[in-house]
Amino acid sequence: MPRPPPPPPTEAVTQGFFGVFRYSRRALELVWTTHRGLTIALAVLTLVAGLLPAGIAWVGAKIIDAVVAATATWTADGVLQMGDVFGWVAAEAGIVAALAFCQRGISLCQALLRAQLGQRVNMMILEKAAQLELAQFEDSEFYDKLTRARREASSRPLSLVNRTFGLAQNLISLASYGVLLVQFSPWAVLVLVVAGLPSFIAETRFAGDAFSLFRWRSPDTRMQIYLESVIAREDNVKEVKLFGLGPLLLGRYRDIFLRLYGRDRDLAIRRDGWGFLLGLIGTAALYGAYAWIALAAVTTRITLGQMTMYLMLFRQGQSAVSASLTAIGGMYEDNLYLSTLYEYLETPVPEARSGLSEGPLPGDGIRFEKVGFTYPGANRPALVDIDLHIRPGDSLALVGENGSGKTTLIKLLTRLYTPTTGRVLLDGLDLAEWDEAALRARIGVIFQDFSRYQFILGENIGVGDVRHIDDETRWRDAARKGMADALVEGLPDGYETQLGRWFADGQELSGGQWQKIALARAFMREQADILVLDEPTAAMDAAAEATIFEHFRRLTENRIAILISHRFSTVRMASQIVVIENGHIIERGTHDELMTMDGHYASLFSLQAAGYQ
Ligand SMILES: Nc1ncnc2c1ncn2[C@@H]1O[C@H](COP(=O)(O)OP(=O)(O)OP(=O)(O)O)[C@@H](O)[C@H]1O
């Protein structure tokens, strides 16, 4: 499939080179607030490690000059004077040991900070994910942001700080080399700095290119992650095997790699090719300076010791210049990647308004008033003009073909989505005005695609009311109401049984058994006076479903019970039945009323009843 060319890197890149450093301060703050002690230790060790190399070069010169002087004394007088030489050698050994200490310390601090910071950034990413709206998870652009943030951004703040400190270290080294080298010639210092610039400019450009490649490929990366999960996860393995999907999926996985690899390879070749050519400028400068310094030594303007020192300074200075420039290029790159993290973290979330916790008409129940809803990006509404009143004590069944809008209605009722038009009221108060926690406490709901947590059985029920997730008495009570108690008793570890196959000794349940657990979950909220079952019994046989609903109705007397089911034997028990077609309510009434009406409901009922005869 032809792909569009990479989009312009990002707003960040187009803002110019320096605009892109705007995340540096935030990264530093992040590292600082993660662990102050380690940050200070890292800073101090880095600075000391920056000063020591110049010391080594200077002492090196002293050793050579001391050797030359001692040789002269020995030749002239036959006297062996090694005091100075040994003294300077010992000094150099001391400095080298101190440098090694600093370097080890730096790497220790970095390792500890890396672990803490990785965890912290991942927590920030996940905390944000927990605050976001359902609609955002259905948006592929948002998923791209999330994937990019999770893939790369967690290691970038520390990398940025390491590079910043590394830059400071190299600049200190450079300044100290400069102080020594300027005594030879100020021009030498200038040559040193200017020779590194071309590689730096090229490197920065390529960092921008690499980043735009990274952004451009995130849909592909997501597809690869998805394919990995289809090929290698137990819940998909059955179909992959039986439909023989393995080679097809692997082929797609490989094709994505090859396409991405082609671009990566081109960039790497350009990056390294230019890096080599421009690096030659540095080499030429070094050997030019070499010749110049050697000339000065031969003409006795400088001593032999000084010659070695200047050469060392020049050589090390050059690596410090290129390390500094690479660090700046790297900081630029880290900033680009951090922009994806902050872009994600700054995704707007609806403000947590502290709303009201009761309505003006307690006992009024739920009202839908001219409610319409269109999914973001959809071109036709999923619900149109819905008017509905459900009072406490009512049981409502929603009936309709696949895709008619039943689940959407429940999503609006539970405030997972906000109506596009009209409003939903609970006890006379618009759902939008309700306090989140108060509203959630009133509603117990199980969707058809309920979650199967790879936790112990008790917790799988307990998640229905997180405040009591560990409360075994509540588990038992909810299991009894959800008719899961017999199932639990049949398991050797009872409520402690680890469910699913992901973890050791996990016990997999059948579809119907999982549904019983999910049903029990709905009963965890003892305060909930609205209970919603969105086809949670589809995997059970018709008789079991009818028993469960009858039981459910008894338990929910004086509460509101809402049920979605395709089984008319269950639906007929509800006190109010609403038939939805293409997002519209087309019929409503009791079973008998609807049968008398002899409309859509009656024909569907007769059709299903005929199937059982
Ligand atoms: N997240 C979504 N984004 C966009 N459109 C959606 C989304 N979920 C559902 N739809 C569309 O909205 C319409 C109503 O879907 P809904 O899930 O409410 O149907 P349903 O009556 O519950 O169907 P079923 O009996 O199959 O569960 C369908 O046309 C569906 O394609």
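Biologist: Which residues of α4 are buried?

Modeller: A residue counts as buried if 20 or more other C-beta atoms lie within 10 Å of its own, as exposed if 12 or fewer do, and as partly exposed in between, with C-beta atoms placed from the backbone. In α4 the buried residues are W88, C102, I106, C109, L113, L117 and V121. Keep in mind that this is a predicted model, where local features need pLDDT of at least 70, side-chain atom pairs count only at pLDDT 80 or more, and totals for chains, interfaces and linings use all residues. Residues are numbered from 1 along each chain as its sequence is written.

Biologist: Why do residues three or four places apart point the same way in an α-helix?

Modeller: An α-helix has 3.6 residues a turn, so residues at that spacing point the same way.

Biologist: And what covers the buried residues of α4?

Modeller: Helices here are DSSP runs (H or I, at least four residues), numbered from the N terminus. The cover includes α2 (24-34), α3 (36-77) and α7 (156-181).

Biologist: How many residues does α4 have, and how far does it reach?

Modeller: The expected span of a helix is 1.5 Å times one less than its number of residues. Helix α4 (residues 83-131) has 49 residues and reaches 71 Å from first C-alpha to last, close to the 72 Å expected.

Biologist: Now a helix pair: at roughly what angle do α9 and α12 cross?

Modeller: Axes are lines fitted to C-alpha atoms, for helices over the stretch in contact, and angles run from 0 to 180 degrees between N-to-C directions. The axes of α9 (residues 197-216) and α12 come within 9 Å and cross at roughly 170°. Angles over 145 degrees count as roughly antiparallel, and α9 and α12 are therefore roughly antiparallel to each other.

Biologist: Which residues of α9 and α12 meet?

Modeller: Two residues are in contact if their C-beta atoms, placed from the backbone, lie within 7 Å. From α9 these include P198, F206 and L213, and from α12 they include R263, W274 and I281. By class, this contact has nine nonpolar, four polar and four charged residues. Here Ala, Val, Leu, Ile, Met, Phe, Trp, Tyr, Cys and Pro count as nonpolar, Asp, Glu, Lys and Arg as charged, and the others, Gly among them, as polar.

Biologist: What does L278 touch?

Modeller: L278 is found in α12 (residues 246-298). Not counting residues up to four places away in sequence, L278 touches P198, S199 and A202. With 18 other C-beta atoms within 10 Å, L278 is partly exposed.

Biologist: Where is Q224, and what is it in contact with?

Modeller: Q224 sits in helix α10 (residues 218-232). Leaving aside neighbours within four places in sequence, Q224 is in contact with Y253 and I256. Q224 is partly exposed because 16 other C-beta atoms lie within 10 Å.

Biologist: How many buried residues does α11 have?

Modeller: The count is zero among the nine residues of α11 (residues 234-242), a helix that is hardly covered. After α11 comes G244, with a positive phi near 60°.

Biologist: Which residues other than glycine have a positive phi?

Modeller: M483, with phi near 60°, is one of them, and D598, with phi near 55°, is another. M483 lies in the loop between α17 (472-481) and α18 (485-489), and D598 in the loop between α22 (591-597) and α23 (600-612). M483 counts as partly exposed because it has 18 C-beta neighbours inside 10 Å, whereas D598 is exposed, with 10 other C-beta atoms within 10 Å.

Definitions and conventions: Helix = DSSP H or I, 4+ residues; strand = E, 2+ residues; numbered from the N terminus. Parallel < 35°, antiparallel > 145°, perpendicular 65-115°, else oblique.
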